[in-house]
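Work through the exercises below with the sequence and the structure in view. Each task is followed by a solution in steps.

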Amino acid sequence: MADFKKSSVHCHSTMCDGKNTLQEMASAACAQGLTTLGFTGHSYTQRDREYCMSPSRTAQYKATIAKLKTEYKGKVDILCGIEWDILSEDKRAGYDYWIGSAHHLYGKNTGKYYEIDFRPQDLHDCIYDDFDGDPLAAVEATLPRWKRWRP
């Protein structure tokens, strides 16, 4: 069983919006004595291609992690994860685990997509313009999609 105190399972790389390569992070994890390192690239969504992995980059991400799993076997358990957004178009097959996220929310009144986790004003506008000032209603708007989400 993994020592969770020596694990990191939500890491972004240069494959999406991170600052280091997958190789750099695997090397650092090994040097620091981590037992488990899980990568979680941002899944592809058409709403915001700025931070997420394109389909071709996702294939490269999976292939690179597969090589790192072999290279670091017996030193660090490398896991291939995905941060799967509620608007994701990616398939969840081929990953060791998933982390759910909601980076954008569709406004039922305006028909706009709001980037709700980056600019506080966007979240505010979403809640007040599209959910009648009710933050719980905005959160609940993500639930129908999550209920359909099954591995």
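The model is predicted, so local features need pLDDT of at least 70 and side-chain atom pairs count only at pLDDT 80 or more, while totals for chains, interfaces and linings use all residues. Residues are numbered from 1 along each chain as its sequence is written, and side-chain values use heavy atoms, without hydrogens and water.

**Exercise 1.** Find the bridge partner of Ser8 in S2.

Solution. Step 1: the bridge partner of Ser8 in S2 is Leu37. Step 2: the chain runs from S1 through helix H1 (residues 22–31) to S2, a right-handed β-α-β crossover; with the strands pointing away from the viewer, the path from the first strand over the helix to the second runs clockwise. Helices (H or I, at least four residues) and strands (E, at least two) are DSSP runs, numbered from the N terminus. Step 3: S1 (residues 7–11) and S2 (residues 36–42) pair in the parallel sense, over three bridges; pairing takes at least two bridges found by DSSP.

**Exercise 2.** Is Ser13 buried or exposed?

Solution. Step 1: locate Ser13 in the loop between S1 and H1. Step 2: its relative accessible area is 2%, so Ser13 is buried (under 20%; exposed is over 50%, partly exposed in between; 1.4 Å probe, protein chains only). Step 3: beyond four places away in sequence, Ser13 touches residues including Leu22 and Met25 (heavy atoms within 4.5 Å).

**Exercise 3.** Which residues of H1 are buried?

Solution. Step 1: they are Leu22, Met25, Ala26 and Ala29. Step 2: down the axis of H1, these buried residues fall within an arc of 100°, so they line one face of the helix; the arc is taken over directions from the helix axis to the C-beta atoms. Step 3: the buried residues of H1 pack against S1, S2, helix H2 (55–71) and strand S3 (77–85).
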